[in-house]
Amino acid sequence: MSAVTDGTPSRRLHPPRPQDIAGGTGTGRDTAGGAGPGGAGPSPADRPAGSAQTVATGVGTGRARSAGAGAGGAAGSGARGNPAAEFGFSGDPAQHGDPGDDLLHAQRVWDGSLAVNRLDDLGVNAERQRVRTEDITTTVGVVVDGNPEDTRRTLRSVIDHTAAHILALDLGDVDGAGAVLSELAGRHPERFTVWHVEEKPAWRGGTATWGECRAKLLRLDTAEVHVVMDSSVVLDGDAITPLVAAIDDGAVAAGWTGLEQDGGAWRESGPGEAAREVSALGGDLLAVRRSAALGDAPEDARDGSELSRGLRGVQVVPGDRLPVRRQR
């Protein structure tokens, strides 16, 4: 079975090397050791009398030999006089090669950078994150409190783009959102743990506050990482793994967006700005060490951002723009 199409990542298939992605290592320079058209080079008759044929130096001439060097001669011993030439550096040990070689060296550095970017484009780095975090138990916790179609799209996106388990608390089947939850859980029972309660949310005239609902989900959960996800956002790809990887790197929490204090108010810093430590996280989508969240009175939080502001420890926003968008 092909490692590309097999649903289980292969541990034997290594990521492609940069030199295999960025193209060949050819330089377009003369690698024939000074040979003329057809590779013949100047004939002995064309050389001045008494002059000896010299070994050409420069890029690609590491195997050049003096004329007449036989199989038993020094040049035919198998040793490479200028192995650096094979790596794009001047073949002259004294570095007296073509001054234009500096441009070649710079080009190779540039090509290497492009290769790393192509690794990102090919999803190699994302796959490495998935392999690194696959043993970290993760649950996406969702409070279902209305907006049935948004709820459907949110939950569907988690099913389609991640392997995380979904722990959902339905508050009174507001506007039929609880029925949508039951429908999806019935189709994917292995992905859901669902709790239905009669109590309505406080913002719909009931007594169930955001903090009380989140604290209940945190206590029902058994995973190491708990993901707070609002039904106002939807995933267009796996946005959970980068957050879990950031926590695995030492953060107490990681989120899609960050919050910074601007005077006496909190200002949201948009997603996709360079990887950074932030004062707090936006409440739409964030992952947290469950043990840390339970230790910081989650019942008192009014939303995900308040939960984040109560945490102690490093909180980060990944550098890569996560595949997340708001529905409302």
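In which handedness of crossing does α4 pass α5? The crossing is right-handed, where right-handed means that the near helix is turned clockwise from the far one by less than a right angle, and left-handed that it is turned anticlockwise. Helices (H or I, at least four residues) and strands (E, at least two) are DSSP runs, numbered from the N terminus. The model is a predicted one, in which local features need pLDDT of at least 70 and side-chain atom pairs count only at pLDDT 80 or more, while totals for chains, interfaces and linings use all residues. Residues are numbered from 1 along each chain as its sequence is written, and side-chain values use heavy atoms, with hydrogens and water left out.

The chain holds nine helices and 13 strands. Of its 328 residues, 39% are buried (under 20% relative accessible area; exposed is over 50% and partly exposed lies in between, with a 1.4 Å probe and protein chains only). Contacts (heavy atoms within 4.5 Å) between residues at least 6 apart in sequence join residues at least 24 apart in 73% of cases.

Returning to the helix pair, α4 (residues 148-161) and α5 (residues 177-187) pack at an angle of about 25°, and their axes lie 8 Å apart. The two helices are therefore roughly parallel to each other, a label given to angles under 35 degrees. On the α4 side, the contact is made by Pro-148, Thr-151, Arg-152, Leu-155 and Arg-156, and on the α5 side by Ala-177, Val-180, Leu-181, Glu-183 and Leu-184. Six of these contact residues are nonpolar, one is polar and three are charged.

What about the buried side of α5? Buried here are Ala-177, Gly-178, Val-180, Leu-181, Leu-184 and Ala-185. Seen down the helix axis, they fall within an arc of 155°, so they line one face of α5; the arc is that of the directions from the helix axis to the C-beta atoms. These buried residues pack against α4 and against the strands β1 (138-144), β2 (165-171) and β3 (192-197). The face of α5 turned away from the buried side carries the exposed Gly-186 and Arg-187.

Helix α7 (residues 240-248) is mostly covered, with eight of its nine residues buried, among them Pro-242 and Leu-243. Just after α7, Gly-250 takes a positive phi of about 125°.

Finally, Ser-231 sits in the loop between β4 (225-229) and β5 (233-235). Ser-231 counts as buried because its relative accessibility is 4%. Neighbours within four places in sequence aside, Ser-231 is in contact with Asp-150, Thr-151, Thr-154, Gln-327 and Arg-328.

Note on methods: Axes fitted to C-alpha atoms, helices over the stretch in contact; angles between N-to-C directions. Parallel < 35°, antiparallel > 145°, perpendicular 65-115°, else oblique. Nonpolar A, V, L, I, M, F, W, Y, C, P; charged D, E, K, R; others polar.
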